[in-house]
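Morning, everyone. Please have a look at the structure on the screen, and I'll walk you through a few points.

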Amino acid sequence: MASTPIVTMSTETNVSPVVSPAVPLSTETKVLPSIETKIPSSTETKSSNPIVSVAFEKITSIKEIAPIIEERFKHLSFLPRDQFNLIAYGGSVLACDVDDMVFMNEATRQFCITGLLDGVDCKVRGLSKKIGDDTYTLCEVDTITEICNLEKKGMKIIFVTRRGKASEEATYQQLQAFGIRAPQVWCTAGIPKGTFVKEKLPGLDGGLLFVVDDEESNLQTYVSDTAYRSDRVVLLQYMTYTN
Ligand SMILES: [Mg+2]
């Protein structure tokens, strides 16, 4: 039976993750590392902080997002498809990272490839486009199609990037150049992503916030006392490289 380590982390200090003994997982439980994060509370001392478990799933393809959404709402699968979509997709939001999630700066990708096994990027990438002074490459052939399909089913898509505010227009144009018609872009400019999104999107109207990001440290910011409760978000770590 497959097993997965549990990683314990604290948001208070930059300590290295501690890997505890592996626990068995059923074959149905695709998930993956469970992170226990200490969340500071305004009414509690550091020594009595509650521990909030933040689990996230690793995905290697953007095509895995829709099945994960379907799974989360499988208790409603008896509904006619249009009603199911209205609740599962129409009531949910996808906070989608941009760099190394939708597309990659080609110069950065070439640099990263040198550190990969045998110096080869094993993933099949999508279109490359020169936009301004730089060339960008879609992380996958179907990246844009998949995002548009989620949107067509009613999902609200927000592109959340740590780029500076001044990059908002450029990011918009880059996404548009690849075929996203009217992307909603939020540049957090250094503010933790979860805190930033929570401020702009305080209520989820009973729906779920799906987050996809290649950086684990960004995912962690979505569950805290300034962001969301762990049961309101579904965190997906996108593995940009598979080797
Ligand atoms: Mg990224």
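Seven helices and 12 strands: that is what the protein chain holds. Keep in mind that this is a predicted model. The chain runs to 243 residues, and 28% of them are buried. Now the contacts. Take those between residues at least 6 apart in sequence: 66% of them join residues at least 24 apart.

Next, helix H6, residues 193-200. Which residues of H6 are buried? They are Lys193, Gly194, Phe196, Val197 and Lys198. An α-helix has 3.6 residues a turn, so residues three or four places apart point the same way.

S5 brings us to the loops. Strand S5 covers 93-96, and strand S6 covers 103-105. Aspartate 100 sits in the loop between them. Its phi is near 65 degrees, a positive value, and the residue is not a glycine. Buried or exposed? Aspartate 100 is in between: it counts as partly exposed because 18 other C-beta atoms lie within 10 Å, and buried would take 20 or more.

Where is aspartate 118? Look at the loop between helix H3 (106-113) and strand S7 (128-131).

Note on methods: Residues are numbered from 1 along each chain as its sequence is written. This is a predicted model: local features need pLDDT of at least 70, side-chain atom pairs count only at pLDDT 80 or more; totals for chains, interfaces and linings use all residues. Helices (H or I, at least four residues) and strands (E, at least two) are DSSP runs, numbered from the N terminus. A residue is buried if 20 or more other C-beta atoms lie within 10 Å of its own, exposed if 12 or fewer, and partly exposed in between; C-beta atoms are placed from the backbone. Two residues are in contact if their C-beta atoms, placed from the backbone, lie within 7 Å.
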